[in-house]
Amino acid sequence: MSKAYVFTRFGGPEVEAFVEQDPPEPGPGQLLVAVRAAGVNPVDWKLRAGKRRPGAPPAEFPEVLGSEVAGVVEAVGAGVDGFAVGDEVFGNPDTGGYAEHTLLPASLTAHKPAGLSFTEAAALPVAAATAYDGVRQLDLPAGATLLITGVGGGVGVAAAQLARHYGVRVVGTASAGKKDFVEALGAVHVPAGRGVAESGVPESGVADLPALADRVRAAAPGGRVDAVFDLVGGEDLAAVASLLPDRRGKLITAAAKETVAELGGAAVARARTSEVLDAVARLAADGVLRPQVTATYPLERADEALRAVEGGHARGKVVIEVGA
Ligand SMILES: NC(=O)c1ccc[n+]([C@@H]2O[C@H](COP(=O)([O-])OP(=O)(O)OC[C@H]3O[C@@H](n4cnc5c(N)ncnc54)[C@H](OP(=O)(O)O)[C@@H]3O)[C@@H](O)[C@H]2O)c1
């Protein structure tokens, strides 16, 4: 039998549970993988809460939580080329990640570089791949300035590392406690929070802050930003959109896909291919992407791992280690 952490219907944390089930059988194009590590992402709790990806099949309960894993191939389905039993791989599973076994589609799987641990590799398929897609979509020249809102989380850390690698200057919003963490990425830290001009009334801790856009202007080289990669959405996105006179191609978000068009921006166009996973693996092996895994939990404490991300203030990546 194989342990998995599931949700039994749509809802809050109360619908989560451990189950013991037979390991799934790999179908055509799939790999059965013994999971060694599973990354934790905001999408995990959003799916549990009932959000579905466009075109996704209806939920079949129980559904295993998790969208990214690293592990070892135990069986190979029909029609799969390039992978064999015993290979160390990572990717986006078809059947959840918080589990001892899962099925990876070969089309969303890549070989794990030998120099990366399973824990580090499990941090790449969602956050780093989204950062990679977004930074390439913006296609900024060296010397340009990129604002990343929510730079202290999984996607933001990877986006900052990639942008810096391409010679782009990075300004990032994050809570005050992440200042040193953000600066270590080579980014200029802008404290998050609503300033007095936006809140209208003094708020504890942020009442004396200028408005967010003014804070960014004050921190950005030359007082301007050339593009925005948003990972927060809501009022912060609206506030920083005002920094860009022409937003076409220069304002993207992973956090507010449904509403960004109203501001003249676009959602991050996710490629979701093994080529992108290979590319981020190479960048990680070369030390350009340095997965900042700041908290690990054994599978038995998957609930705590998800709460750490669901709280909305994760630092870098949270990863569940299986069999640790
Ligand atoms: N479309 C896709 O394919 C895709 C893929 C990945 C992620 N996403 C979405 O992108 C967003 C970010 O994902 P993630 O994995 O980076 O999340 P995460 O790891 O949970 O990080 C979110 C970060 O935002 C910071 N934050 C929260 N409120 C903030 C604010 N007002 N200003 C500045 N920072 C704030 C948090 O900490 P502090 O407040 O302490 O700074 C935290 O560091 C989520 O909405 C996620 O669902 C979409």
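1. Which residue in β10 is the bridge partner of L146? The partner is V170, and strand β9 (residues 145-149) pairs with β10 in the parallel sense over five bridges, where pairing requires at least two bridges found by DSSP between two strands. Strands here are DSSP runs (E, at least two residues) and helices are runs of H or I of at least four residues, numbered from the N terminus.

2. This is a predicted model, in which local features need pLDDT of at least 70 and side-chain atom pairs count only at pLDDT 80 or more, while totals for chains, interfaces and linings use all residues. Residues are numbered from 1 along each chain as its sequence is written, and side-chain values use heavy atoms, with hydrogens and water left out.

3. β9 and β10 belong to an open sheet of six strands, ordered β11-β10-β9-β12-β13-β14 with parallel pairing; its edge strands, β11 (188-191) and β14 (266-267), each pair on one side only.

4. The ligand is surrounded by 26 residues (a heavy atom within 4 Å), the closest being K46, S175, K178, H313 and A314. This shell divides into 10 nonpolar, 10 polar and six charged residues, where Ala, Val, Leu, Ile, Met, Phe, Trp, Tyr, Cys and Pro count as nonpolar, Asp, Glu, Lys and Arg as charged, and the others, Gly among them, as polar.

5. Because domain 1 (2-123 + 291-321) and domain 2 (127-267) both give residues to the shell, the ligand lies between them; the bounds come from an automatic or database domain assignment.
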